[in-house]
Amino acid sequence: MGRAIEKEITFVSAILENAWENGENLTVNDLIRNIENPSFSTIGSLPVPKVVSDRERKDLATRINSLISDPKLRSWSSAESINFSELFGGSSINILDLRNIQSEQEKRLFVELICQHNRRRNSAKVAIAPD
């Protein structure tokens, strides 16, 4: 995985973790706003701009915005929100099929978000089905 992608995953994970810790639910619009203007000033012990520059944040926000502005991609956003507690609450093992996620970067981001959620909650084991 490239260094730029690792930084983006770390940054988006910090945004989601901050929102979950504050009991907030984020829409894609909220995520974009938080990418542009994060509600926290540090990631770990470093200032946000040292982890991900203003330009990198702007580029990331633009790419994510394409998910809600491109008519070909927009249909996925009409689905029901993911309820992580319901998804990981009942069984001890969950299997996630990533075949419908097109790019490797999106797959990695999704897996990282699931792993972050599980680490914080000390949740169920997850098996990820490769393509």
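**A predicted fold and one buried arginine**

Of the protein's 131 residues, 28% count as buried; buried means under 20% relative accessible area, exposed over 50%, and partly exposed in between, with a 1.4 Å probe and protein chains only. The model is predicted: local features need pLDDT of at least 70, side-chain atom pairs count only at pLDDT 80 or more, and totals for chains, interfaces and linings use all residues. Residues are numbered from 1 along each chain as its sequence is written, and side-chain values use heavy atoms, with hydrogens and water left out.

Start with the overall layout. The protein has 7 helices and 4 strands. These are DSSP runs, numbered from the N terminus: helices are H or I with at least four residues, strands are E with at least two. From the N terminus, the order is α-α-β-β-α-α-α-α-β-α-β.

Contact means heavy atoms within 4.5 Å. Among contacts between residues at least 6 apart in sequence, 64% join residues at least 24 apart. The protein exposes about 8800 Å², and carbon and sulfur atoms supply 49% of that area.

Now turn to Arg 57. This residue sits in helix H4, residues 54–69. Is Arg 57 buried or exposed? Arg 57 counts as buried because its relative accessibility is 9%.

Its side chain has polar partners. A polar atom of the Arg 57 side chain lies 3.4 Å from the backbone oxygen of Glu 36. The side chains of Arg 57 and Asp 54 make a polar contact at 2.8 Å. Leaving aside neighbours within four places in sequence, Arg 57 is in contact with Phe 11, Ile 35, Glu 36, Pro 38, Val 48 and Val 52.

Technical notes. Polar contact = N/O pair within 3.5 Å; in protein donor to acceptor, adjacent residues only side chain to side chain. Areas by Shrake-Rupley, 256 points an atom, 1.4 Å probe, with all protein chains shown as cover.
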